[in-house]
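Visitor: Hello! Could you show me how to read this model, one feature at a time?

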Amino acid sequence: MSKDNNPEFLLNLLERMIEIREFEEGVRFLFLEGAMPGTIHQCQGQEATAVGVCSALGKEDYITSTFRGHGHALAKGLSMQEMLDELFGATTGCCKGKGGSMHIGNIDKGMVPGVAIVGGGIPLAAGMALSLKLNKNPGVIACFFGDGAVAEGAFHEAVNMASLWNLPVIFVCENNLYGASTRIDLVMKNTTISERAASYGFGGETVDGNNVLAVHEATKQALTRCRSGQGPYLLELLTYRRVGHSRRDPGHYQPKSERQDWFSRDPINYFASRLIADGLIDAQGVKELKDTVIARFEAAVKQAKRAPMPTLADLETDVFAAKEPA
Amino acid sequence: MEVMIKMPDLSTTDGSDILIVKWVAGVGDLVERGQVLLEVETDKAVQEVECIFKGTLTAQLAPAGAAVPVGAVIASIEVER
């Protein structure tokens with residue numbers, strides 16, 4: 001039995017997606033309660049992109065992320081605890097409380113802290129890939145960004161260079177139709193983003209980003225290309241965010257009919273139905289999975305609320321790199 | 001147990017008070033987590049404020065037309081536990 005038909009693997013994909021959804025929903029309410037500082041950019045509805053990509057990656061592979069990075073982090077193996085601690089600004093957070101929501105990451109787990117500048121992670125990913133290539137490291141970089149980032153000059157410069165030098169990067173565009181509140185067809189005439197790859201001499205394809213297995217499969221194929229030295233690949237994953245751009249955005253620019261249409265293709269419901277039809281789990285099992293995840297989240301929140309806060313003495317630590325690289 | 005609902009931090013640029021446009025849930029209504037309680041207007045948009053507890057709305061503590069600061073108590077909920 002191949003890994004992709006393995007019940008444990010399939011159920012794990014479902015659990016990871018439920019974990020992301022419930023984490024985001026839980027954080028949403030912490031924010032509404034006033035318990036969580038700052039703003040947050042959430043990814044409800046986009047769980048299959050993060051989980052589909054990261055489930056195909058190996059330990060030697062890295063991801064770069066954006067301001068909307070909670071899902072990427074959970075999918076890459078960060079724990080809810082280190083993320084909640086970070087969101088509360090505690091020293092036990094994955095970035096010692098110095099990053100916050102928009103800079104979630106843990107390099108030991110293969111995730112560069114999120115780059116919140118739109119498109120900013122794309123040249124960074126190309127640079128990391130160059131480093132891997134020069135060091136003959138087998139790793140690949142999966143670089144997440146949104147449709148809005150494609151209009152940035154940094155995107156074009158980085159993909160051009162990555163293609164020219166055959167760098168091992170999978171450029172993962174999560175196309176959720178809106179750059180903040182602006183619909184994609186107001187800012188680009190050719191809205192098929194994967195076609196950008198051809199103009200720079202490399203391959204790309206558009207995939208149903210709400211189908212976790214389709215994303216996983218496409219990522220696996222892109223990885224094979226990257227690892228064999230064939231250069232980058234552009235994966236455009238069509239998906240939809242169920243919430244506003246940030247917690248202060250009610251998202252009224254998303255037409256009701258469009259929302260309903262996408263909600264009917266929700267990635268978690270879609271995949272859960274498939275696993276139920278295949279007899280791998282039943283509706284009760286899905287509910288239990290959700291309840292277990294919620295209980296884990298609530299326990300992590302309790303601990304995060306008691307986690308130690310930074311002091312003045314922490315202000316100047318981790319600001320400069322050590323003189324000699326370790 | 002009675003819990004208080006506070007105005008969430010929805011304001012955008014200048015930290016100004018948030019205007020209560022209208023109450024959607026009435027006193028005595030059963031409310032769910034995530035259900036819309038009221039509509040408010042910030043300096044950027046009209047938006048909805050969701051309930052964060054499941055229970056019964058026991059009081060609206062700021063009327064439609066009032067502008068209140070972030071964190072001000074705007075409602076009380078009798079929570080079922």
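Guide: Gladly. Let us begin with surface patches: they are made of residues with over 30% relative accessible area and no salt bridge, where like charges are joined within 9 Å and nonpolar side chains (Val, Leu, Ile, Met, Phe, Trp, Tyr) within 5 Å. Accessible areas come from the Shrake-Rupley method with a 1.4 Å probe, and for residues only the protein chains shown count as cover. This is a predicted model, in which local features need pLDDT of at least 70, side-chain atom pairs count only at pLDDT 80 or more, and totals for chains, interfaces and linings use all residues. Residues are numbered from 1 along each chain as its sequence is written, chains are lettered from A and ligands numbered from 1 in the order in which they are written, and side-chain values use heavy atoms, leaving out hydrogens and water.

Visitor: Which residues form a nonpolar patch on the surface?

Guide: M161(A), L164(A) and W165(A) do, with about 320 Å² of accessible area together. L164(A) belongs to helix α6 (residues 153-164) of chain A; helices (H or I, at least four residues) and strands (E, at least two) are DSSP runs, numbered from the N terminus.

Visitor: Is L164(A) buried or exposed?

Guide: Buried means under 20% relative accessible area, exposed over 50%, and partly exposed in between (1.4 Å probe, protein chains only). L164(A) counts as exposed because its relative accessibility is 62%.

Visitor: How much area do chain A and chain B bury between them?

Guide: Buried area is the accessible area (1.4 Å probe) that two parts lose on being put together, summed over both. Here chain A and chain B bury about 1100 Å², 55% of it on carbon and sulfur atoms. F29(A), L32(A) and R248(A) supply 56% of the area that chain A buries against chain B, more than any other three residues.

Visitor: How many salt bridges are there between chain A and chain B?

Guide: A salt bridge is a side-chain nitrogen of Lys or Arg within 4 Å of a carboxyl oxygen of Asp or Glu. The count between the two chains is one: E50(B) pairs with R28(A), their closest N and O atoms 2.5 Å apart.

Visitor: What does D266(A) pair with?

Guide: D266(A) forms a salt bridge with R21(A), at 2.7 Å between the closest N and O atoms. D266(A) lies in the loop between α9 (256-263) and α10 (267-277) and R21(A) in helix α1 (residues 7-33), so the pair ties together parts of chain A that are 245 residues apart in sequence. D266(A) is buried, at 2% relative accessible area, and R21(A) is buried at 13%. The side chain of D266(A) also meets that of R242(A) in a salt bridge (2.7 Å, N to O).
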